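Please have the structure open as you read.

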Amino acid sequence: MTMNRYGRRTHRFGRLVLIALAGVIAIWLVGHLLLDVQFPDPLVTSADGGRSDDEERSMREIFESLPAEGAAVSQVTLLDDNVMAWVERWRLLANARKRLDISYFILEQDVFGIAFLGHLVHKAGQGLTVRVLLDAIGTTMSRDVQGNDYLDTVVQTANVTVKLYRPLRYRFQDAFLTLNPAAIVASDHDKILLADGVHGLIGGRNIATEYFADLNFDPKAFRDADAVLTGREAGAVLEAVFESQYDGGEAHAVTRETVDLLDSTSDLLLAYQAMDYWLRGEPIPEAVSARIRDRRLPWIDELQARPMLHGALARPAPESVQAPVRFLDSRTRLIRTDDPITVSLGRLVRGAKKSIFVANPYLVLSEQAVSVLEDAARRGVEITVLTNSPVSSDNPLSQAFFLEQWPKLLARVPTLRLFVAGDRHNLHGKFAVIDDQLGLLGTYNLDPLSMALNSELVAAVWSARFAEKLLETGRQLIAAGPPTAYEYRIARDDEGRPSRDEEGRIIVAFGPNDHLERDDWTAVRRYRWLVRGLAAVSGRSFF
């Protein structure tokens, strides 16, 4: 009896030791990952890697000397409306005649994602070559390929090849071999739809309901921005960017299931047909709707919940402008350590003479980036930043860092005005305008994931008209005022200097506490404790 008790106690003690060890390892992984991502190596992410004479050079000279993947004169069309962003994707797929190259970070299994896949299967059936690259961590569908009949059906379709960028087992293997948890999250964040090597669509949107739902009907709809770039030169650059990831060693081909394979071709084609009829404004044939309902699929109900899509194909395409474009491509930093986008942004801010406008969902800046903004403020450059608040953001961790930073940022950059989205529509667009002449649009977030790890793509467009369109998009949101948008401010004295309390902390004149209820940002407040704890333990400050 005594030996049995001793054995049970020893067993329980062993389990406790294993659990404690697992907990320590988990804490180390999470802490190390957060510190590496939030405080990246300044040698890798420095915005100071440009020319020292950029302040004296014209903005056009800096633009033409950017370290671009390629340059082209292109027809550029801004897509700042969710419905038209989906319509233009549908048109590009429908009008393609030879080849489709697709790269997305997220592709969900909702009516948009399944109809999109169904359209690819339909085009492949017409003889087009279709190449698809999905990020393994961003796309839920690609995280569980085994048993995923939709993706497997696409894979087994003739003329279609599908690859996953850094499947999960390779991510964990790399993290284990390098003792670097950042290897788990480094991803392909590009979003590219390229038709026939001529018509390209890039920007912030993935393929999921929230990116294309109408803001007036869906409280979860995102505000975002894309651009269509048309021309053979632009297409050639986008094809090279796509192939650099698609043909690289980190992209692995998806193979079909060999056991328990269910062919879902008919389901995909039904989703395609239903979406196509709905966009054309035509009644969905009873034969199609009946088969969808017989399979208990939700697509008819999902479409009927989106009345703004009905007949939307009849709407004219937005105005386009012809302009010189330079494509900035920063590939996944586990493979390449150079970062053309971050370097280029630093140079452009240093060369700004009048104004900088930035819209971005995340704002977690490095010391180097803040220093560059400080220098711009000393030159009298007016800076406006539009980002998310805790209630609109989809990332409470980045918001926790943002809330620690923003008062210090306003204190150090006196010409900066900071606006946040105040409703629940996530601001997901990533664009900027410099001196009312240069417009930048792409996938690059102002956070360390984009600065230090992920593959990103940005189009720099030299066009006052395109820049004006981007400014209209951002300024309309700001002009709406509360509760759609708020300006965060710090208190200043009569000479404009930041006011501080007795403990030296910057006094907030208006911030999240002034427009949010406590329940609106519970998760963010919890992450702030983690952020502060990591900073205290590591001894590393924000900036």
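**A pocket and its rings**

Helix α17 gives the most to the lining of the second largest pocket, with 5 residues. The model is predicted, with pLDDT of at least 70 needed for local features and 80 or more for side-chain atom pairs, while totals for chains, interfaces and linings use all residues. Residues are numbered from 1 along each chain as its sequence is written, and side-chain values use heavy atoms, leaving out hydrogens and water.

A pocket here is an open set of points on a 1 Å grid over the protein atoms alone, where a 1.4 Å probe fits, with protein on both sides within 12 Å along at least five of seven lines; lining residues have an atom within 4 Å of a point. The volume of this one is about 610 Å³, counted as the space filled by probe spheres set on the points. Of its 23 lining residues, Leu 403, Glu 404, Val 508, Arg 528 and Arg 532 are the closest to the centre.

Rings of Phe, Tyr and Trp (its six-membered ring) pair if their centres lie within 6.5 Å; planes under 30 degrees apart count as stacked, over 60 as edge-to-face and the rest as tilted. The whole structure holds 13 such pairs. In one, Tyr 211 and Phe 222 have ring centres 5.1 Å apart and planes at 75°, so they are edge-to-face. Tyr 211 is buried, at 3% relative accessibility (buried means under 20% relative accessible area, exposed over 50%, partly exposed in between, with a 1.4 Å probe and protein chains only). Phe 402 and Tyr 488 are stacked, because their planes lie at 20° with centres 6.5 Å apart.

Technical notes:
Helices (H or I, at least four residues) and strands (E, at least two) are DSSP runs, numbered from the N terminus.
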